[in-house]
Amino acid sequence: MNIAAMDKSYVANTYNRSPILPKRGKGCLLTDHTGKVYIDMTGGIGVNSLGWGDRQWQAAVSRQMGKIGHVSNLYCNEPCAALAALLCRRTGMDKVFFCNSGAEANECAIKAARKYAAETKGSDHFYILTLKGSFHGRTITTLAATGQDCFHRLFLPLTDGFVHVPANDTAALQQAVDTVPLAGILLETIQGEGGVLPLEGSFLRFVARLARERKIPLIIDEVQTGNGRTGRLYSYMHYGILPDMVTTAKGLGGGLPIGAVLFSRELGNVLTIGDHGSTFGGNPICCAGALEVLRRLDISFLQQVRAKGAYLQSALEASPGITQVTGMGLMVGVETERPALEVVEEARKRGVLLMTAKDRIRLLPPLNIPWKYLRKAASTISQCC
Ligand SMILES: *Cc1c(COP(=O)(O)O)cnc(C)c1O
């Protein structure tokens, strides 16, 4: 049986697989089973921050494997403590909880928000406000947080206690804050799965100000926008706002499964012994990979991400057949005259891997993609549009 047939027979049918079979990756280049080489503009959906087979990342991960691969949370471990310290130092946050995915990070933040609200305002303050068009994960609770009915329909009833308002609608937000007993506000600065739609800066600052006034924790979901993706370490840093919790995952581990919640000083001690946990949370190998990613994302690296993002956006904006380009840094959405899926298919034939978000092309290349390949990918995308 060939791989595709075996996959179809035995792997649960939840993914729409591409016809190519990845065999080897190096940097931003992927070789398939026929030997054809592609420029990867999807980055494992924003996971492979340093591309494939990065020497230093690989060395850091293998070194850790040779020491301690897994240790339970009955014990401290060095990469976990070091990663938490570095995350706090780079963000000014106070404490970190580690888990394995974005959905779990959001679950943890929702639990912390509810406990904090129960302690400070009363247990009727359990609602979490999120935005329409958002995406926060696929567990029953993070689906409830996700403001898109298409994800909900088949799985009702979802966890109670979520309200959704339209993005960029300050009046609707104000009204919800005035009438609903909230435990938290959870949002993405750029709705990724929703089509790479950035919030207006003025809306985001309005939310942050209102949340602060009413002592409602503001939780920024940086699962996709975090870890250098937008050209700052975390995307909230573009706006001069200070969240109470930041959730992240995807690119943090550079290809290993790790999620994290960063807590401000105010929220840092809300979760206490026994309140929450994760068997693999803080796994030494994943943390060693994430430490290497984080150390590489220094000022000049992030500046390069901004420069490459600016180039990519302006190259695509100038291209006929493209009606709108959105996003920040190397998180870019492209609205095309041709159906997006046709463009994806055409680009694949010409050696560039793309993906979609809603009816747009979404680009999340490795953050260290060389200029040469970035230019080539941009010109191929233009031609396909
Ligand atoms: C991908 C994503 C999630 C879910 O992350 P998983 O690791 O798949 O659970 C949550 N929020 C945002 C904004 C995402 O992009």
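Where in the chain is the place of N168?

A: The place of N168 is in the loop between strand 6 and helix 8 (170–179). Helices (DSSP runs of H or I, at least four residues) and strands (runs of E, at least two) are numbered from the N terminus. The model is a predicted one, in which local features need pLDDT of at least 70 and side-chain atom pairs count only at pLDDT 80 or more, while totals for chains, interfaces and linings use all residues. Residues are numbered from 1 along each chain as its sequence is written, and side-chain values use heavy atoms, with hydrogens and water left out.

N168 is not a glycine, yet its phi is positive, at about 65°. With a relative accessibility of 28%, N168 counts as partly exposed. Here buried means under 20% relative accessible area, exposed means over 50%, and partly exposed is in between (1.4 Å probe, protein chains only).

K358 sits in the loop between strand 16 (355–357) and strand 17 (360–363), and at 46% relative accessibility it counts as partly exposed.

The loop between helix 7 (149–152) and strand 6 (162–165) holds P157, and the peptide bond from L156 to P157 is cis, with omega near 0°.

T141 belongs to helix 6 (residues 140–145). Its relative accessibility is 14%, so T141 counts as buried. Leaving aside neighbours within four places in sequence, T141 is in contact (heavy atoms within 4.5 Å) with E107, I110, T159 and F162.

G184 lies in strand 7 (residues 182–187) and, at 0% relative accessibility, counts as buried. Not counting residues up to four places away in sequence, G184 touches Y127, I128, L129, I216 and P217. From C-alpha to C-alpha, G184 is 8.1 Å from F126 in space, and the two are 58 residues apart in sequence.

Next comes the ligand. It is surrounded by 13 residues, the closest being G102, A103, D221, Q224 and K250; a residue is near a molecule or strand if one of its heavy atoms lies within 4 Å of it. Helix 5 (residues 102–120) gives the largest share of this shell, 3 residues. By class, the shell has 3 nonpolar, 6 polar and 4 charged residues. Ala, Val, Leu, Ile, Met, Phe, Trp, Tyr, Cys and Pro count as nonpolar, Asp, Glu, Lys and Arg as charged, and the others, Gly among them, as polar.

An N or O atom in the side chain of K250 is 2.6 Å from an oxygen atom of the ligand. For the side chain of Q224, an N or O atom is 2.7 Å from a ligand oxygen. A polar backbone atom of F135 is 3.3 Å from a nitrogen atom of the ligand. On its own the ligand has 380 Å² of accessible area, and the protein covers 81% of that (Shrake-Rupley method, 1.4 Å probe; for residues, only the protein chains shown count as cover).

Helix 10 (residues 284–296) is the last stop. Its 13 residues should span 18 Å at 1.5 Å a residue, and its end C-alpha atoms are 18 Å apart, which agrees; the expected span is 1.5 Å times one less than the number of residues. Of the 13 residues, 12 are buried, so helix 10 is largely enclosed by the rest of the structure. The cover over these buried residues includes helix 3 (55–67), helix 4 (78–91) and helix 11 (299–317). At the start of helix 10, a side-chain oxygen of N283 comes within 2.9 Å of the backbone nitrogen of I285.

R296, also in helix 10, is buried, with a relative accessible area of 19%. Its side chain makes a polar contact of 2.7 Å with the side chain of D54, and another, of 3.1 Å, joins the side chains of R296 and E292. A polar contact is a pair of N or O atoms within 3.5 Å; within protein, one must be able to donate a hydrogen and the other to accept it, and residues adjacent in sequence count only if both atoms are side-chain atoms. Not counting residues up to four places away in sequence, R296 touches L50, D54, Q56, W57, F301 and N368.
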